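Subject: Structure handover

Hello,

Here is the structure we talked about handing over. Please open it alongside this message.

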Amino acid sequence: MSVTRAEADGGRDSWSEAESAVLGEAVHCAPSVHNTHPWELAVHGRTAELRERPVLAAEHDPEGRDPRISFGAALANLVLAIRGLGWAAEVATGLAGDLVTATVTGTHRSRPTDAENRRRRALADRWSHRHAFDRRELPEGTRDVLLDALAAPGATGRWISGPEEALAVARLLDYAARVFRGNAEYQRELTLWTTPRGRGVRPDTFGAVGLAAVGLTTSRTRLSDESLLADRIQQEAVLVVATSADTQQDHVRAGAAMEQAWLEAASRDLAASVMTQPLHLEEVRTGLARRLDLTAVPQVLMRFGLPAEPEVGER
């Protein structure tokens with residue numbers, strides 16, 4: 001965790017050292033692609049500035065979609081932390097060259113809502129469950145609550161519903177998995193990330209089959225028949241996070257919306273994981289929008305459920 005704090009900002013109109021540490025810890029808890037934490041946080045007075053940090057472009061993500069989605073998740077956490085300190089949070093995003101920036105200013109005293117407090121307390125409890133879920137249904141009303149959590153200007157959510165939609169999504173995910181499994185550079189990157197010396201997850205934390213497997217496809221992944229994959233999609237609660245456009249700032253909006261829904265799920269003792277890599281392929285994004293009659297651009301697929309058994313998850 002790294003927080004830059006201007007020395008000249010001491011005084012009653014500035015975040016204290018302890019408050020700055022709270023902001024930094026919240027940002028550090030955000031999920032990030034390959035655990036790269038592609039952002040830098042600086043605190044000036046009552047303003048916290050988040051800047052996108054350049055990372056090496058991945059072969060499978062040449063547009064840098066995942067780092068900006070990660071940046072959006074960090075921004076959501078930063079806002080929650082400022083709200084938790086009892087301040088209204090005014091957010092402004094922009095671009096510095098090709099990199100995204102965001103400033104969050106505590107403008108006046110304001111009590112956080114119950115939902116904000118609940119999600120803030122879940123920051124340290126959020127983790128990625130890449131295996132199959134328990135077959136029990138989500139508690140009644142949960143889907144509506146998760147949709148409400150991610151609702152924000154420019155962002156929307158859509159549940160996969162019914163056998164026809166499930167089969168359409170299964171075919172697109174199977175297509176993406178086969179493209180990535182046959183991409184030598186992608187496989188090299190994934191292998192480096194999952195080696196003991198890497199900073200990512202261990203290979204044995206991947207789901208071996210089913211929906212959990214197609215999001216990060218290794219050369220050893222056993223791809224299910226499309227109909228079996230469609231059945232798994234129907235058994236799980238799968239949510240599409242989409243944005244009204246497909247700019248760099250839309251990727252940030254998608255990440256912030258994703259994180260709000262993820263934290264809401266964690267606050268309710270639900271497990272979740274996300275898939276973005278299939279959506280790096282333009283044909284998958286456009287195909288998903290067409291088959292689901294979406295006017296928005298799909299950015300993230302989220303899985304929600306109850307874990308089949310207690311296990312240690314990867315953040």
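Below are notes on aromatic pairs, charges over rings, a lone aspartate and salt bridges. Keep in mind that this is a predicted model.

Aromatic pairs

The structure holds two aromatic pairs. One joins tryptophan 15 and tryptophan 87. Their centres are 5.9 Å apart, with 80° between the planes, and the pair is edge-to-face. Tryptophan 15 sits in the loop between strand S1 (3-5) and helix H1 (17-28), and tryptophan 87 in strand S4 (residues 87-96), so the pair ties together parts 72 residues apart in sequence.

Charges over rings

Two of these tryptophans also have an arginine over the face. Arginine 46 lies over tryptophan 15, 4.9 Å from the ring centre. Arginine 143 lies over tryptophan 159, at 4.9 Å from the ring centre.

Aspartate 61

Look at the loop between strand S3 (47-52) and helix H2 (65-84), where aspartate 61 lies. Aspartate 61 is buried but has no salt bridge. The nearest side chain of opposite charge is arginine 65, 5.4 Å away. What does the side chain of aspartate 61 reach at 3.0 Å? The backbone nitrogen of arginine 65. Leaving out residues up to four places away in sequence, aspartate 61 touches Asp66, Pro67 and His280.

Salt bridges

The count comes to 14 salt bridges. One of them pairs arginine 119 with glutamate 264, the closest N and O atoms being 2.7 Å apart. This pair links helix H3 (residues 114-121), which holds arginine 119, to helix H9 (residues 248-267), which holds glutamate 264. The two are 145 residues apart. Both arginine 119 and glutamate 264 are buried.

Glutamate 264 also meets arginine 268 in a salt bridge, at 2.7 Å from N to O. Shared partners join Arg118, Arg119, Glu264 and Arg268 into one network. Glutamate 264 has 0% relative accessibility, so it counts as buried. Arginine 268, at 37%, counts as partly exposed.

Glutamate 165 forms a salt bridge with arginine 158, with the closest N and O atoms 2.7 Å apart. Glutamate 165 counts as buried at 17% relative accessibility. Arginine 158, at 24%, counts as partly exposed.

Best wishes

Methods:
Residues numbered from 1 in each chain as written. Predicted model: local features only at pLDDT ≥ 70, side-chain atom pairs only at ≥ 80, totals over all residues. Heavy atoms only, no water. Phe/Tyr/Trp six-rings, centres within 6.5 Å; stacked < 30°, edge-to-face > 60°. Helix = DSSP H or I, 4+ residues; strand = E, 2+ residues; numbered from the N terminus. Lys NZ or Arg CZ within 6 Å of the ring centre and 35° of its normal. Buried < 20%, exposed > 50% of the residue type's maximum accessible area, 1.4 Å probe, protein only. Lys, Arg positive; Asp, Glu negative; His and termini not counted. Salt bridge = Lys/Arg side-chain N within 4 Å of Asp/Glu carboxyl O. Polar contact = N/O pair within 3.5 Å; in protein donor to acceptor, adjacent residues only side chain to side chain. Contact = heavy atoms within 4.5 Å.
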